[in-house]
Amino acid sequence: MQTQQSSHSLNQHTLYFAGGCLWGVQEFMKYLPGVVTTEAGRANGTSNTTQGEYDGYAECVKVTFDAQDVTLNELIGYFFEIIDPYSINKQGNDVGEKYRTAIFSQDSNHLNITRDYISQRDDAEKIAVQVAPLTNYVPSDPEHQDRLTNHPNDYCHIPIDLLHKYKKQLHWGVFE
């Protein structure tokens with residue numbers, strides 16, 4: 001027996017946003033309109049585990065969103081609110097290659113839209129956000145999932161007012 005997907009689920013897409021420490025990126029992204037799920041993880045390392053030496057990964061958040069509720073350009077715009085797009089391998093006090101800014105996807109159309117978004121900006125030539133195909137993804141360990149929801153006093157490089165800017169606009173699960 002064949003099952004049918006609802007048209008709603010056909011509009012769901014996934015991107016991987018790297019914007020410094022993943023705790024803050026996940027806390028910010030999960031409250032955006034149209035975001036269905038988030039998961040903290042590591043993108044484009046060489047290992048399939050979180051154990052061992054650093055393997056070139058970027059801390060990231062896997063974001064599944066509904067394109068009926070938010071466009072990819074809008075989602076990228078939200079992401080640009082919380083990053084310093086000119087900084088290389090540094091966001092706030094977090095320094096190192098794993099804290100680089102990037103947008104990864106397995107869908108080349110997503111990458112083309114992202115490149116177009118950046119190229120349309122007045123500051124495009126200064127932007128240091130990597131746009132690349134996702135080659136590997138490893139979910140973070142459980143203690144890193146929803147870390148700032150579970151431990152709100154932990155360090156975050158994103159100012160609290162900005163971190164919860166869109167959370168404040170949620171009311172009973174409906175974005176106003």
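First, the ground rules. The model is predicted, so local features need pLDDT of at least 70 and side-chain atom pairs count only at pLDDT 80 or more, while totals for chains, interfaces and linings use all residues. Residues are numbered from 1 along each chain as its sequence is written, and side-chain values use heavy atoms, with hydrogens and water left out.

Let me start with the overall picture. The protein has six helices and 10 strands. Here helices (H or I, at least four residues) and strands (E, at least two) are DSSP runs, numbered from the N terminus. Of the 176 residues, 47% count as buried. Buried means under 20% relative accessible area, exposed means over 50%, and partly exposed is in between, with a 1.4 Å probe and protein chains only. Taking contacts between residues at least 6 apart in sequence, 76% join residues at least 24 apart. Contact means heavy atoms within 4.5 Å.

Now the cores. A nonpolar core is a set of buried Ala, Val, Leu, Ile, Met, Phe, Trp, Tyr and Cys residues joined through side-chain atoms within 4.5 Å. Which members of the largest nonpolar core touch the most other members? They are Phe-17, Phe-28, Met-29, Leu-32, Leu-75 and Phe-80, out of 36 residues in that core. At least two residues of this core come from each of β1 (12–19), α2 (22–29), β2 (35–43), β3 (58–66), α3 and α4. The largest share is that of α3, with seven residues. Leu-75, leaving aside its neighbours within four places in sequence, is in contact with Phe-17, Met-29, Leu-32, Val-35, Val-63, Phe-65 and Val-70. There is also a second, separate core of 10 residues, and among them are Ala-43, Ala-58, Phe-104 and Leu-134.

Ala-18 is buried, with a relative accessible area of 0%. The C-alpha atoms of Ala-18 and Ala-58 are separated by 6.3 Å, although the two are 40 residues apart along the chain. Leaving aside neighbours within four places in sequence, the contacts of Ala-18 include Ala-58, Cys-60, Phe-79, Arg-100 and Phe-104.

Next, helix α2. How many of the eight residues of α2 are buried? Eight of the eight are, so the helix is largely enclosed by the rest of the structure. The buried residues of α2 pack against β1, β2, β3, α3, α5 and α6 (160–163).

On to helix pairs. Two packed helices are described by the angle between their axes and the distance between the axes. Axes are lines fitted to C-alpha atoms, for helices over the stretch in contact, and angles run from 0 to 180 degrees between N-to-C directions.

The axes of α2 and α3 come within 11 Å and cross at roughly 135°. The two helices are therefore oblique to each other. Angles under 35 degrees count as roughly parallel, over 145 as roughly antiparallel, 65 to 115 as roughly perpendicular, and the rest as oblique. On the α2 side the residues are Val-25, Phe-28 and Met-29, and they meet Leu-75, Tyr-78, Glu-81 and Ile-82 in α3. By class, this contact of α2 with α3 has six nonpolar, no polar and one charged residues. Ala, Val, Leu, Ile, Met, Phe, Trp, Tyr, Cys and Pro count as nonpolar, Asp, Glu, Lys and Arg as charged, and the others, Gly among them, as polar.

For helix α3 (residues 72–82) and helix α4 (residues 108–120), the axes come within 10 Å and cross at roughly 55°. That makes α3 oblique to α4. The contact is made by Leu-72, Asn-73, Ile-76, Gly-77 and Phe-80 of α3, together with His-110, Ile-113, Thr-114, Tyr-117 and Ile-118 of α4. By class, the contact of α3 with α4 has six nonpolar, four polar and no charged residues.

Finally, some loop residues. Asn-44 is in the loop between β2 and β3, and its phi is near 60°, a positive value in a residue other than glycine. Asn-44 is buried, with a relative accessible area of 17%. Asn-89 lies in the loop between α3 and β4 (90–91), and its phi, near 55°, is a positive value in a residue other than glycine. Is Asn-89 buried or partly exposed? Asn-89 is partly exposed, at a relative accessible area of 29%.
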